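Hi,

Here is the structure I promised to pass on to you.

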Amino acid sequence: MKQLKYILFILAISTSLVSCVKDGAGLLDKAESGELNEERVFTSAKYTKEFLTDIYRRIPYGWDDNVYLDAATDDGEARPWWGWVNTVHVGAYNPTSLPDKFKRWANYYAAIRACNLFLSKIDNVPVDPEQYMSTEEIRDRLKYEAFCLRALYYTELVRWYGGVPIITKVPERGDPELLAARASLEEMRTFILADCDTAAAHLPARQTGVDYMRVTSGVAKSIKARLLLHLASPLLNGTTSGPASPWSWGGYDANRWKDAADATKAVIDHQDENGAPVYKLVVKTGAANFFGNKNTYPGSLNAIGWYDVFITRVNTEMILGYGKKGLTNELDKWQLPGAMQKAGDASFTLPTYNYAACFETKDGYPVYQTDEYGVPLMNNGEFIVNPASGFDPQKPYINRDSRFYHSLWYNGSMFGGTTFNTWRAEDGSTGQEFLNGYGHTGLFLRKFMDPKNVSLNNGVTGQTNHNFPLYRYVEFLLGYAEAMNEFLPDGAARTEAIQALDLIRARADMPDVATTFTRNGWNISDQKQLRKFIHNERRIELAFEEHRFFDIRRWLIGEQTQKVVYEHDVLKKTDGSFVYSIKVWERRVFQAKHNLLPLPQSEVNNNPNMRQNPGW
C-alpha cells in the first residue's frame, strides 16, 4: 500500500514559492524547507483559500493533454498515435502497467486527502477582512465546497473502479484506516450522498464573477444524480444474483433507476434562493450569415444554441465548466489539421465514421440500419442504408441533423475560407487534409470550436472562451429519460421521459420523439426501442465530453461496439468527382474486464484487505 500511504501523507510537489502560491495543496510541501507548514497555512485566510482552490486542479477536464478521453472509444481516434490511447485500443494495460491517463487512483486520493485535511482545519481558520475569506459566511461556503469536492472525487473513483476504501480523515502512520477494505456499493452510495446533501443544503445556487467556476448546490445535486445513474446501470445493477461486492449489488433492483430518476429530476428542477430555475437549455436562432461566408454550415439556423454553449463562458446550461485559460485559440489549433493552420502536427483527436454514422437525417430517420447496440449492419463491407431515410452514401453530408454540422468538419466543408480536402486521388496524390503516417478518419472535430471569432489568416487567429462541460444540464435531461425508461415496465406510457427528450430535440430543430417514432414505425412505449433511441441521442449530444467512455461500460456494450472503427474514405476520380466508401481503420480489443479499471497492483500487494477487480 505504499502508493496510498504516500498520497495520504505527501501532496503534489512544488519547486518554487510561486507554484506554492498557485497550487494550494503544494503549500505544505514547503514545510521541510521551513517556508511553510500546516500551522501557518491554516492560520492564514489567504493560504487556506489557496489550499482549497488547488483541490479543484485535480478535476478531470477533457483536453488536459490535447487528446479527449473519447479518443479511446469508437467515437474517436488520436492522430499522433498518442501512447495512452493506443494502449487502450489494443488492451495492453494491466494492474502493474497503466497508461498515464488511467492513473486516477493516486490523483483522486490526493484530492480526497486534501479535502479531509481542509475539513479538519477550516472551522478554526481566522477570517481576514483584507483577504478573500473576509467573513465567516465565506469561510462556511468554502467548507461546504470541500464536502462537494470530496463527493465528486469519490464518484469519479466509483466510475473507474467500483467501490473503494472510504477515507474520512488524515490518518497517522499505522492507522488501521490505511488498511481499509474496499467499500460496498451501498456504503459508497450512503457516504457520497451524505456529502452531496450536506453541500447542497449550504452552498449557493449560483457562483458569480471570479467564483463562477466553483461548485454550487446544483453541482452537489448533479454529482448525486450522476452517481445514482451509474449505480443503477447494468454494469453494477446486474440481473444475475450473487454476493454483493465492490463491483456488484448482487442482484437487480428497479428502484435504483427510480432513485436515479428522482435525483436527475432534482437537477432539472433546481431553483435559486428566489425560486427561479437555475438551469435551462441555451436556445438561440442565428442569422443567415451567422458563421460568416468563409465557413460552411448547412444546418438549421434555429439550432445555434447547441453551438453557443461551448464558447460562452457564462450560460444557463453549464452547471460546472472548465474555462480553458479564458480567451484563447489553443483548442482550435489542437483540433484543426496542421497543414491548414501552418502549425505542424495537430488534430490530436479525430472523430470516426462510427460517430458520424449515428446522426439522423434532419427529418429524424437513421441513415443506416443498426443492431440493438447502435452498430450499423453491414453488407459487402458497406453499412446497410436505411431505405426510409433517402440517404445517399455518395452524398453523405447533406440533409443531416444540425448537430452533425456543429460537430464535424468533412471533405468539402470550409473553415476560414479554406476548404477541407480529405481525399486521396486515383493518381496517388492526396488532398491537403489527407493525413499520412498518423491516424486518418476522413473527418475532423468541429465541436467546441468557434468559427465566428477564430479564423485562418496565415495560421489561426482570433480568440474565444472555450467551455469544457464537467456537468451540463442536458446530461440530466438525458439521464432522467434513461432512468424513467428503465424503471417503467415495458408498454407503459413514458410521457415524462419523452418530454425531457423533446426539449433536446427541439433545440436541435429535430422532429419530436412521437413524430420520429411514427415516421420510423417504432412503438413509443417499447422500452427496448426507446432505450436504443436514448443511447443514440446521448451519444450525439455528449460526444467528447467524457461520457461515451463510461456509457459503453455502464451499459455493458463495449464488447459489441468497441471492436472496429471506420474511416470515411474519399477517392477523387480523374474527372474531379468523389467516391465515398467506408473502410476499416482499426480493429481494437475490448474484454469484459475492461468495464472497470484495475486497481494498481501495489495497492493489492500491500493491503491484505484489498480485492482486485474481476479479470485482473
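**What I found**

The chain folds into 22 helices and 15 strands, where helices (H or I, at least four residues) and strands (E, at least two) are DSSP runs numbered from the N terminus. Before you go further: this is a predicted model, in which local features need pLDDT of at least 70 and side-chain atom pairs count only at pLDDT 80 or more, while totals for chains, interfaces and linings use all residues. Residues are numbered from 1 along each chain as its sequence is written, and side-chain values use heavy atoms, with hydrogens and water left out.

**Confidence**

pLDDT is the predictor's confidence in each residue, from 0 to 100. Its mean over the chain is 91, and 93% of the residues reach 70 or more. Residues 1-25 are below 50, although this stretch has 65 contacts in the model beyond near neighbours in sequence; a contact means heavy atoms within 4.5 Å. Residues 29-33 also stay under 50, with 11 contacts beyond four places in sequence. Where pLDDT is low, the predicted coordinates should not be read in detail.

**Overall shape**

The radius of gyration, taken over C-alpha atoms, is 25 Å, which agrees with the value near 25 Å for a compact globule of 616 residues; that rule is 2.2 Å times the number of residues to the power 0.38. Along the principal axes, the C-alpha atoms fill a box of roughly 75 × 60 × 55 Å. Of the contacts with a separation of 6 or more, 70% join residues 24 or more positions apart.

As for burial, 60% of the 616 residues count as buried (under 20% relative accessible area; exposed is over 50%, partly exposed in between, with a 1.4 Å probe and protein chains only).

**Two residues to look at**

Is glutamate 541 buried or exposed? This residue sits in helix α19 (residues 527-542) and counts as buried, at 0% relative accessibility. Leaving aside neighbours within four places in sequence, the contacts of glutamate 541 include Arg403, Lys447, Arg472 and Arg507, as well as Trp306.

Asparagine 274 lies in the loop between α10 (255-268) and α11 (304-308). With a relative accessible area of 74%, asparagine 274 is exposed. Its C-alpha atom is 9.9 Å from that of alanine 205, which is 69 residues away along the chain.

Best wishes
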